[in-house]
Amino acid sequence: MTTTSAGLLLYRRTGDAVEVLLGHMGGPFWARKDSHAWSVPKGLYTDEEPLAAAEREFAEELGSPAPPGPTVSLGSVRQSGAKTVTVFAREGRFDAETIRSNEFELEWPRGSGRMQSFPEIDRAGWFSLDQAAEKLVKAQSAFLDRLREHLSGA
């Protein structure tokens, strides 16, 4: 069964460079990982328009609504685990130092019977497109290429 997820890739121009806002995935599995352990702020949806879901998930995962502005679709990719992720891009400013992510519960340590809460996103940061390619989970790197294409035609 395929699950669907939608996200918003915020970007900003700093001189001639472009930076994107990514979130480091929370929880014990990702705690000591950096390379390919970051994601576009995104989440699952069912009976919702993908852009509305992307904006809702941005606010839930980062603690503040996304800045308003024109939005462009970067399409979809299929990640492992049969998840299809649809991402939209929007230019805007956001303070990555002030995030307050929603949380999820997980039995940790595994097999202990103890449930613990972890933030979905434990930190956020702005990265150049080249840095972001090293940080993002591999399936999402296609969105960076699509953003480059969009900006080169803009």
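Predicted model: local features only at pLDDT ≥ 70, side-chain atom pairs only at ≥ 80, totals over all residues.

Modeller: Let's start with Phe-104, which counts as partly exposed because its relative accessible area is 27%. The scale goes like this: under 20% is buried, over 50% is exposed, and in between is partly exposed, using a 1.4 Å probe and protein chains only.

Residues are numbered from 1 along each chain as its sequence is written, and side-chain values use heavy atoms, with hydrogens and water left out.

Strands here are DSSP runs of E with at least two residues, helices are runs of H or I with at least four, and both are numbered from the N terminus. The whole chain averages a pLDDT of 95, and 99% of its residues score at least 70.

Now for the rings. Two rings of Phe, Tyr or Trp (its six-membered ring) make a pair when their centres lie within 6.5 Å; planes under 30 degrees apart are called stacked, over 60 edge-to-face, and the rest tilted. That rule gives four aromatic pairs. In one of them, Trp-38 and Phe-127 have ring centres 4.9 Å apart and planes at 75°, which makes the pair edge-to-face. Trp-38 is in strand 3 and Phe-127 is in strand 9 (residues 121-128), so this pair ties together parts 89 residues apart in sequence. Both Trp-38 and Phe-127 are buried. Our Phe-104 pairs with Phe-118: the centres are 5.9 Å apart and the planes sit at 35°, so this pair is tilted. It links distant parts of the chain, since Phe-104 sits in strand 7 and Phe-118 in strand 8 (residues 115-119), 14 residues apart. Phe-118 is buried, because its relative accessible area is 13%.

Next, the charges. A salt bridge is a side-chain nitrogen of Lys or Arg within 4 Å of a carboxyl oxygen of Asp or Glu, and the structure holds 11 of them. Take Lys-135 and Asp-34, whose closest N and O atoms are 2.4 Å apart. Here too, distant parts are linked: Lys-135 is in helix 2 (residues 129-135), and Asp-34 is in the loop between strand 2 (17-25) and strand 3, 101 residues away. At 17% relative accessible area Lys-135 is buried, whereas Asp-34, at 31%, is partly exposed.

Arg-148 lies in helix 3 (residues 141-153) and Asp-130 in helix 2, 18 residues apart. Arg-148 is partly exposed at 33%, and Asp-130 is exposed at 57%. There's also a network: Asp-34, Asp-122, Arg-123 and Lys-135 are joined by salt bridges that share partners.

A bridge can also stay within one helix. Arg-56 and Glu-60 meet at 3.4 Å, N to O, and both lie in helix 1 (residues 50-62), four residues apart, or about one turn. Arg-56 is partly exposed at 28%, and Glu-60 is partly exposed at 31%. Leaving out residues up to four places away in sequence, Glu-60 touches Arg-100, Ser-101 and Asn-102; touching, or contact, means heavy atoms within 4.5 Å. Glu-60 and Arg-100 are 40 residues apart in sequence, with their C-alpha atoms 8.2 Å apart in space.

Charges can sit over rings, too: NZ of Lys or CZ of Arg has to be within 6 Å of the ring centre and within 35 degrees of the ring normal. Lys-33 lies over the face of Phe-29, 3.5 Å from the ring centre. The charged end of Lys-33 also sits over the ring of Trp-30, 5.9 Å from its centre.

Technical notes. pLDDT = per-residue confidence, 0-100.
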